[in-house]
Structures are given as structure tokens and as C-alpha cells.
Amino acid sequence: MKTDHHLELQALIADASAHLDNEAYQDWLDLFHDACVYRIVPQENIQQGLPGSVMLCETKKALSDRIVSLLKANTYNPHTSRHVTGPPRIVATEGDRIEAETNYALYQTNVDGASHLFAVGCYRDRIGRFDHQFKFVERLVVLDTFSIPTLLARPV
Amino acid sequence: MKTDHHLELQALIADASAHLDNEAYQDWLDLFHDACVYRIVPQENIQQGLPGSVMLCETKKALSDRIVSLLKANTYNPHTSRHVTGPPRIVATEGDRIEAETNYALYQTNVDGASHLFAVGCYRDRIGRFDHQFKFVERLVVLDTFSIPTLLARPV
Amino acid sequence: MKTDHHLELQALIADASAHLDNEAYQDWLDLFHDACVYRIVPQENIQQGLPGSVMLCETKKALSDRIVSLLKANTYNPHTSRHVTGPPRIVATEGDRIEAETNYALYQTNVDGASHLFAVGCYRDRIGRFDHQFKFVERLVVLDTFSIPTLLARPV
């Protein structure tokens, strides 16, 4: 894989974190290809081969609807989020298709300004190149922390 | 942006973390340009457009004084610090000037060897190139964790 | 240091995290050179120049034995692990030999799906190039969190 592609891939993953942290959901959606899948699956289910997801959007439209619902309809404890990710790890490449895995820690801060660890896990991404830009074709969010004390309202 | 510049930028940000963790404050100061600003601002103030800072040093001399005060005069709970940062995200470039944003988690470990999350947030850096070296022209530390249970004695 | 070598180094460190998180211990062992040292040392001992280690394997065979013991004999609280590392920081190079330091946060998730911070610290790695591949010659795991409430059963 070319070095500049590696840095672009790193930028894609960093952008995904930043857009969620900044609540720039439209920018976050723009990182996904039109035909995309977004899933949040507990680590436990993956280990046992169980299909259940905590969140499953099988089209970009479904993902977009989820965001609209989040912004307009859902009620949840107000907080800010902050993602800290490790280096992306390229696990497979085929032409312009890349599979990458990136560990994440997600922190939330409540309105009183207290921060806590919300969830940890791993992004398993399938990324394609469209019009000279990397986009997510599939983002599988492996959730180690499957017992979450509050509502999983937002994407991870 | 050239690839080697990207890696140098990443090194600058990693050095800033390491020098603070190693309490190598003079090395940390050397990462800043002579005309520099260092500010720690709660996320809440940024969202509401309020100017208040938790720490504000508008010259390198002020930043240096702060460090002297930290080393010679301040009394605070003894601890070690450890920064874990995500990938730097280039948000703007103009010639050799770069604006980058980097998420951080800062942990502290007390004298009993117990570690805890101290703060999370984002570095918003303005970086310039002087004598073939990147230096911080401005480091704005956005502090999600604005309710800090102990003294914010050291730089973040 | 060449850019592609830098990315390979980053991949080595990311692989080390991933293999431990995936409990792929043989893959993890394969990242070490035949003549290698693996040590976990509390930050406190390093600061005071004390030689004591929490874990010390002075050959790859010793490290391999440790893994066998972990898999076949040890009893410990079941959990999954997740490493989040910052960018590797090159602190010295000499030919193909590299010294790098990488901050880490290690999280554990118990069988109830609750995650917590287990330890933070810094990898101080000495890395060599053998048959066109980077391998660990020495991995010194500095452990800020030297008071660990449960057994340190696995490598960090």
C-alpha cells in the first residue's frame, strides 16, 4: 500500500472520530459510501458467532434516518463524546479495497464536566476508493463494553 | 502535505506528550516557537463562545515562568502522568503553517500506583516551520473534563 | 528513517496490541526475535534505579513458556483486553536498529461486559530488522499502574 494512501486512510478514521465528537453528523455520513453497512456488535456475540447487533444500518439511508432520529426525536442524557484511537492496522488489501482494524476508547463527559470511560473496542472497517477518496463500505464496531449503563444513543 | 512532514508533525505531538510524562519541561518548552500562545480552555466555554481559560500563557516567557513556578513553588499531589493521543488530524495547511487537531486522554498515577483517567479532550494546534523544524505557534487545549477534582498543576 | 519503515514499525506495534487482544499468542510471539528480552517493570523501580521486574523473560523460549503456562495452567478472572496506543516515538536509530517509545492504555472487560482501565504506561522497544522484517529485540513495558488489583496474568 502506498504511503500517501496509508496517511489518507488514517485521516479517514481520524475524521470519523472527530465528526462524531463535534456532532457534525452530516460530515460523518459523508465518509460512508452510498452502499454501506454500519453495525455495532458486542464482542460476546462475535466470539459465539451470534448475529445480534446493538445497532444495524444496512444502507446509507438507514444510517441517515438513524441520525435524523437522534437529532430530532431521541431523548438521552446530554454529554460530549471523545474518541481516542490507536493506529489503524491494515489486515487485508485487494486493489483499492482495504480492511483495517483500529482499537478505540470512547469517553463521555456529562454536563457537570466529569469524564468517564464509556466503551472500548475495535473498528473493523472495509474501505473502498471512490473518485480518489476513501470511504467506508462497512464499519463493524466491535463493542467490548456490551453492558452499557446508559442508552447507546449515538453512533460509536 | 508531504509524507515526511506528516511524520514530523506526528513526532512533534508525540514528543510533547512524552516530555510532559517524563517531566522534561525544558524539552517541552523547546517545542514552542518564541512567539507562542498556550491555553487550556474548557469545552463548555468554547461551545458558548466564552473567553475564560483555565491556563493562559500568551508568550513563551509566560509559559516558562509557569514551569518554574510549577517546579519551585507549587505544592500539589504527587503523581505521574501518561498521555495517550489519537492520530493528528490536519484541518488546514497554508505553506508551512499547519492546523492540526489531536484527541488526547490523560491519565494520572498516584504514589500508591493506582491510575485513573484525569482528563480527555482535544489539542487544537497551530504549527509553523522554523529552521527546518516544526514548532507550536499556538496550542489550545480543549478540556472536556472541566470539573477536575484536584489542582490542574501541570500543563496538559 | 525511511517513511515506509516508519509505517512498518507502526504496524509492528499495532500487531503486538492486536494479537494480545485477540489472544493470538503464537502470532504475538512471532513478532519477537529469537534472542529477545521481555520485561514488565513498575515505573517506580525505573525512577529509583531498582532492578525488580513484575515479569521477566530473558529468552524467547522463556517467553514462550510463559504463554504455555498462561494457556494451560494459570487460573485468573476471565476477561478480554483492549490496548489503545499513541503514536510510536523514535528515540534512536542506528542502521536497522530502532529504539521507540509508545504510550499505552490497557483496558479489560469482564464477563458481565463492563470495561475498566487496567493499566497505563509506556513501551520502550528495541527493534531490529531480520529478513526484511522488524522484530522486537527487547520490549520493556513500563507500568505506571504498579498497584494492580487483580493478577497480572497475561503480557501487557
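Predicted model: local features only at pLDDT ≥ 70, side-chain atom pairs only at ≥ 80, totals over all residues.
The interface of chain A and chain B brings 23 residues of chain A into contact with 25 residues of chain B. About 1,800 Å² is buried between chain A and chain B, and carbon and sulfur atoms account for 54% of this area. On the side of chain A, the residues A:L7, A:R82 and A:Y107 supply 30% of the area buried against chain B, more than any other three residues. The rule finds 2 salt bridges between chain A and chain B, and 9 residue pairs are in polar contact. In one salt bridge, the side chain of B:R89 meets that of A:D15 at 2.6 Å, N to O. The elements of chain A that each supply at least two residues of the side touching chain B are α1 (3-21), β3 (79-85), β5 (97-110) and β6 (115-130). Among these, α1(A) provides the largest share, with 8 residues. By class, the side of chain A that touches chain B has 8 nonpolar, 11 polar and 4 charged residues.

The contact of chain A with chain C takes 24 residues from chain A and 23 residues from chain C. Chain A and chain C bury about 1,800 Å² between them, and 54% of that area lies on carbon and sulfur atoms. The residues of chain A that lose the most area to chain C are A:P87, A:R89 and A:N103, which together give 31% of what that side buries. Between chain A and chain C the count is 2 salt bridges, with 9 residue pairs in polar contact. A salt bridge joins the side chains of C:R82 and A:D144, with an N to O distance of 2.9 Å. Two or more residues of the side of chain A that touches chain C come from each of α1, α3 (43-48), β3, β5 and β6 of chain A. The class composition of that side is 11 nonpolar, 11 polar and 2 charged residues.

Strand pairing was followed within chain B. Strand β1 (residues 32-42) runs parallel to strand β7 (residues 133-143), and 7 bridges join the two strands. B:P42 has B:L143 in β7(B) as its bridge partner. β1(B) also pairs with strand β2 (residues 55-57) of chain B, in the antiparallel sense and over 3 bridges; here B:I40 stands opposite B:M55 in β2(B). Elsewhere in the chain, strand β4 (residues 89-94) and strand β5 (residues 97-110) of chain B run antiparallel and are joined by 5 bridges. Within this pairing, B:A92 stands opposite B:E99 in β5(B). The hairpin of β4(B) and β5(B) has 2 residues between the strands, and B:G95 takes a positive phi near 60 degrees in this hairpin.

Definitions and conventions: Residues numbered from 1 in each chain as written. Chains lettered and ligands numbered in written order. Heavy atoms only, no water. Contact = heavy atoms within 4.5 Å. Buried area = accessible area lost by both parts, 1.4 Å probe. Salt bridge = Lys/Arg side-chain N within 4 Å of Asp/Glu carboxyl O. Polar contact = N/O pair within 3.5 Å; in protein donor to acceptor, adjacent residues only side chain to side chain. Helix = DSSP H or I, 4+ residues; strand = E, 2+ residues; numbered from the N terminus. Nonpolar A, V, L, I, M, F, W, Y, C, P; charged D, E, K, R; others polar. Pairing = 2+ DSSP bridges.
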